[in-house]
Amino acid sequence: MSTTTTTTSNKPSQPPSPPPPQSSQKAEEEENIEIVSDDNDSDFSSIDSEIPFTNPPSHPFPSNPIMIDSLFTTPPPILDPFPTQTSILQSETIDEVLPFLTAQSQQPDLFTYNDFGVPSLRREAHISFLRSSLGRLPGRFVAADASRPWFLYWCLSGLAMLGEDVREYRDAVRETARSMQNPTGGFGGGGGQLSHLATTYAVVLAIALVGGEETYEVIDRRGMWRWLGGLKQRDGGFEVCKGGEEDIRGAYCAAVIITLLDLPLDLTPDSPAYKPDDPSFNLLTGVADYVRRCQTYEGGISGQPSAEAHGAYAFCALGCLALLGHPAKVIPEYLNLPSLLSWLSSRQYAPEGGFSGRTNKLVDGCYSHWVGACFPLIEAALASSSSSSGSSQPAANDSLFSREGLIRYILCCCQDQGKRGGLRDKPSKMSDAYHTCYVLSGLSAGMHQWVLDEDGEGEGEPGWMVLPYLEGEQVFEGRDRVRAVHPVYVIPQGAVRGMKGYFRGKGGF
Amino acid sequence: MPPKGKAAQKPKAGSSAAATKSPAATPAAPLSTKSTKATPDQQQPQSSTVAEKSKHNFTLCHPFEDLTGKNSLSALPTQADQLVWFASRLVTRLPVRSIGAKGQKDLWKTVNDHSLPPRGFNIRKHQKRQQQHKTADSRGRDIGEYSTKEWELRQEKRVTLSCLQLQSQRFRELRDRQKRGFVDSQTGDTVLVTDSEYLEEKQRRREMDRLKKELYGTQGMGRQGKLALDPEWDDVVPIVVEDPENALAAIAYSPDYAEAMSYLRAVMNSKEYSPRCLKLTEYIINLNPAHYTVWLFRAANIFALKLPILDEITWLNQIALENLKNYQIWHHRHLLVENYYPSISSDPAALSAFAASEREFLTQILAEDTKNYHVWSYRSWLVGKLGTWFNPEELKSTEDLIDQDVRNNSAWSHRFYLVFSDPENCTPGDKYAATEADPKVPGQIVDREVGYAEGKIRLAPQNQSGWNYLRGVLVKGGRELKSVQSFAEEFVMGLGEEGEGGEGEGTGEEVKSSHALDLLAEIYKEQGEKQKADLCLRRLVEKWDRIRGGYWQWRRDGLGLGEVAA
Ligand SMILES: [Zn+2]
């Protein structure tokens with residue numbers, strides 16, 4: 001294990017004057033959240049990530065005392081002297097990230113470190129990275145041909161979190177969405193591709209992000225409803241496309257689409273899940289039970305029953321349940337909350353500070369969202385369960401994860417330091433649109449807290465309210481705060497309201 | 001091309017005396033020198049390039065047109081010349097009707113006297129064409145600079161191409177007749193396109209494509225996709241979809257990919273299932289293996305054509321090894337197995353042979369990527385499908401991977417599935433969640449698995465995979481956590497005690513596993529020893545697992561000890 005000499009005391013005794021209070025983040029302000037299908041960084045994220053990084057220059061430690069908790073500058077206190085492939089990779093990763101965490105990677109023209117050794121958010125660089133990812137992509141992106149809708153969502157959501165007004169993309173989103181919609185309902189990855197729950201989810205969210213009635217009207221809701229009926233399975237889950245796999249991603253994406261578009265829930269007789277003898281069996285019947293079957297002995301959630309617990313699916317599971325009813329009621333009813341929380345919490349490592357996706361896997365920026373964004377939902381479930389449902393779980397008085405660790409990992413290790421901009425898995429990986437979106441969402445989760453109004457905001461929906469998280473020390477500068485996103489839909493809260501309100505107001509198709 | 005043909009028709013214009021010299025060089029040469037007639041044929045060999053020859057021919061026909069545009073009325077030596085020059089302008093540029101009967105008569109007289117070319121040859125068109133030819137040939141060379149020899153070669157290629165096109169057309173007609181069941185009137189046989197004719201046509205098109213590229217380059221006329229060249233696809237009209245002008249994240253597809261997709265749309269549209277469709281899917285998968293639509297279409301073809309599933313699996317193995325991160329491949333395999341299973345489900349020998357060959361391949365691919373989520377997900381599904389939980393080979397291959405890397409959580413996870421989903425030892429179905437006890441699990445299975453986990457934990461006590469497994473086994477088997485209390489205590493010494501030097505609380509303690517502390521906190525809590533539980537959690541907050549401090553603090557809150565000093 002490397003020994004770093006840059007550490008300061010365990011808790012800096014002399015915190016500098018706290019950053020000025022954030023320009024008050026009004027509750028009505030948008031927030032958002034997002035989710036997806038990636039595992040292993042499979043298809044999307046690996047597209048452009050193979051270029052090796054150059055080692056950060058090792059600078060002498062700056063003369064100003066920089067306050068970095070030794071937690072983030074030294075290897076963990078317990079290390080087994082029993083090397084295997086996993087532990088070797090883990091220790092290489094620590095060696096990789098430590099220089100970034102200890103303010104030794106500075107490129108002074110690009111990074112400004114604050115007194116906590118945390119660089120500022122390269123907002124402009126990330127904005128321009130996302131904008132160019134929305135433009136024409138070179139031929140080597142052909143592997144992304146079936147995931148173009150994701151680029152729309154990742155980039156627009158990322159831009160919104162960075163404070164950009166994305167309404168300027170309305171016309172383009174409208175045209176692009178039209179070219180991806182199938183006459184039989186739903187959106188595919190592009191012209192002539194089958195409709196898929198993931199791509200449909202991404203297009204619907206992109207439309208919500210840019211807003212506008214004319215844009216909403218691009219969606220053929222009747223076709224969408226029929227198509228969803230065709231994917232519904234008798235075990236409660238959904239196939240991701242006709243003949244495609246059934247997994248928890250599909251369930252989450254379907255729940256998001258159904259609730260955002262205010263679709264009717266009935267099934268038509270041509271649905272494979274239609275039960276002539278049980279007319280009450282509808283699109284959302286059995287979804288929660290399907291989710292329950294995906295919890296594993298470790299406490300986490302797998303993509304389909306009997307597989308390994310994985311961070312991306314944890315968010316899908318919680319998000320899906322939170323759409324089926326009040327999180328405080330539904331989540332503890334279908335999931336073993338204490339073991340899930342234990343597993344989620346185990347995903348955060350020190351000194352890295354960021355999250356991993358599975359037990360004994362490496363830290364990766366995108367899990368800042370997949371795992372990090374689970375915490376608001378867990379906290380909401382705990383906050384009410386202790387008061388109402390008689391559960392023995394205490395409410396969370398403090399943050400259930402280390403916000404400082406997460407923010408440090410993101411700002412120190414996940415930001416591309418060159419002209420390229422964008423955010424990444426870890427310093428040895430290239431930035432891409434997928435990681436940019438989810439790292440930013442994780443950053444947002446680290447900077448905010450959510451309060452769930454028990455009574456909801458009408459229409460039987462829970463009322464989410466966001467506040468900046470101000471407990472304890474803030475290691476980031478106020479100007480680096482990103483916008484909050486809705487904890488389930490992962491788009492600004494205003495975008496959720498706009499779309500839901502529009503379709504609810506229509507009454508019928 | 002320069003107006004070779006046209007110019008050749010007009011050389012009788014004997015008046016073109018100026019043509020004896022290069023026109024560009026003699027802008028003001030006397031024009032009316034009827035006496036110095038020259039035979040154009042004698043002049044031509046002097047032109048070395050196509051452009052020169054073209055100019056030469058042109059001048060023969062337009063004695064008063066200086067292609068450089070420098071001549072003018074005043075430069076002409078005699079009035080007669082000026083008159084002729086004027087007439088030539090008029091005759092080639094004006095709508096003649098506009099100058100009245102008398103004017104026309106005079107004009108034509110002048111023209112005829114001097115044998116000027118009448119309106120047939122449009123100068124501007126000619127100049128424009130010259131302009132275009134500047135960029136012509138496929139290598140970017142101005143065709144005008146071709147030597148006449150080169151020019152002839154080029155013409156030869158064009159003729160060859162035309163011939164090939166004719167032959168190709170004949171082939172299409174023949175195949176058309178075959179399709180419609182024509183009978184040859186002479187032989188009385190049905191028209192049949194033979195394999196060798198097919199091959200010839202393929203060869204011919206390749207030759208045509210090569211010639212086109214040589215003649216015209218890869219843009220415009222020369223652009224021909226692989227499929228358009230293949231006679232097998234002649235009857236399919238590709239559906240070309242262009243992205244909208246302002247489309248976001250539009251990809252600059254390679255011509256091959258764009259073409260293949262347009263054919264895919266066409267055959268999916270017509271629901272065609274055929275060997276050529278299968279080939280098309282393979283072609284596209286090679287270009288983009290992450291294309292879910294093409295994978296599903298491939299599966300549909302295999303099932304519709306009733307192709308041997310095992311052949312497809314063999315083909316798929318190679319693709320999977322080349323694309324470790326791709327997950328469409330694994331769903332495809334899943335569909336293949338769903339389709340294949342009914343044919344072997346009642347034949348134990350076939351079933352176990354298939355299970356063995358799958359295991360062999362999975363072992364191979366996991367050796368490349370030991371934690372590949374898609375592979376492991378497929379594997380657990382396959383075990384359930386084939387009912388091979390109890391198979392000792394399956395358990396053994398999991399053990400091998402854990403022996404290689406005790407921290408391979410995917411292997412641990414698979415082991416849990418094998419042991420605790422086996423209907424022999426468990427309540428079938430999903431009556432009990434993974435985090436609930438199943439009363440049907442036999443005690444000796446629990447003992448065996450607890451022993452296995454403990455042995456592995458001793459190798460690397462801070463390895464969470466082993467601890468998660470241990471706890472999972474205890475819960476599933478309905479055992480109290482305290483049954484492993486003494487085991488967990490092996491990894492924690494002198495918790496909270498001062499060290500020899502008395503440097504402060506905790507300096508004397510030795511913790512080999514934070515996961516042991518976690519488990520002990522729960523065990524003590526179950527037994528009502530809240531203070532001991534709290535000490536474990538507090539030391540986790542303070543020292544042994546600080547990054548999870550918020551979580552450990554929450555666990556402390558759950559002990560109900562009230563406000564505790566941190
Ligand atoms: Zn990632």
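Visitor: What should I know before I start?
Guide: This is a predicted model, where local features need pLDDT of at least 70, side-chain atom pairs count only at pLDDT 80 or more, and totals for chains, interfaces and linings use all residues. Residues are numbered from 1 along each chain as its sequence is written, chains are lettered from A and ligands numbered from 1 in the order in which they are written, and side-chain values use heavy atoms, with hydrogens and water left out.

Visitor: OK. How many residues of chain A are in contact with chain B?
Guide: 95 residues of chain A are in contact with 75 residues of chain B. Contact means heavy atoms within 4.5 Å.

Visitor: And how much area do the two chains bury between them?
Guide: About 7000 Å², with 54% of it on carbon and sulfur atoms. Buried area is the accessible area (1.4 Å probe) that two parts lose on being put together, summed over both.

Visitor: Which three residues of chain A supply more of that area than any other three?
Guide: Ile78(A), Asp80(A) and Tyr297(A). They supply 12% of the area that chain A buries against chain B.

Visitor: How many salt bridges are there between chain A and chain B?
Guide: The count is 4. A salt bridge is a side-chain nitrogen of Lys or Arg within 4 Å of a carboxyl oxygen of Asp or Glu. One of them joins Arg293(A) and Asp430(B), at 3.2 Å from N to O.

Visitor: What about polar contacts across the interface?
Guide: The rule finds 46 residue pairs, both at pLDDT 80 or more. A polar contact is a pair of N or O atoms within 3.5 Å; within protein, one must be able to donate a hydrogen and the other to accept it, and residues adjacent in sequence count only if both atoms are side-chain atoms.

Visitor: How do the residues on chain A's side divide?
Guide: Into 33 nonpolar, 43 polar and 19 charged. Here Ala, Val, Leu, Ile, Met, Phe, Trp, Tyr, Cys and Pro count as nonpolar, Asp, Glu, Lys and Arg as charged, and the others, Gly among them, as polar.

Visitor: Why is the pair Trp450(A) and Trp464(A) edge-to-face?
Guide: The ring planes of Trp450(A) and Trp464(A) are at 85°, so the pair is edge-to-face; the centres are 6.1 Å apart. Trp450(A) lies in strand S1 (residues 448–453) of chain A and Trp464(A) in strand S2 (residues 463–468), so the pair ties together parts 14 residues apart in sequence. Helices (H or I, at least four residues) and strands (E, at least two) are DSSP runs, numbered from the N terminus. Both Trp450(A) and Trp464(A) are buried. Buried means under 20% relative accessible area, exposed over 50%, partly exposed in between (1.4 Å probe, protein chains only).

Visitor: And why is the pair Trp295(B) and Trp315(B) tilted?
Guide: Their planes are at 55°, so the pair is tilted, with centres 6.1 Å apart. Trp295(B) is buried at 3% relative accessible area. Trp315(B) also counts as buried, at 18%.

Visitor: Where is Gly405(A)?
Guide: In helix H15 (residues 403–413) of chain A. Gly405(A) counts as buried, at 0% relative accessibility. Leaving out residues up to four places away in sequence, Gly405(A) touches several residues, including Phe72(A) and Ile547(B).

Visitor: Is Arg333(B) buried or exposed?
Guide: Buried, with a relative accessible area of 0%. Arg333(B) is in helix H14 (residues 328–344) of chain B. Its side chain makes a polar contact with the side chain of Glu358(B), at 2.8 Å.

Visitor: Last one. What does the side chain of Gln295(A) reach at 2.8 Å?
Guide: The backbone nitrogen of Asn336(A). The backbone oxygen of Gly299(A) also lies 2.8 Å from a polar atom of the Gln295(A) side chain. Gln295(A) is buried, at 6% relative accessible area. Beyond its neighbours within four places in sequence, its contacts include Ala434(B) and Thr435(B).

Conventions
Phe/Tyr/Trp six-rings, centres within 6.5 Å; stacked < 30°, edge-to-face > 60°.
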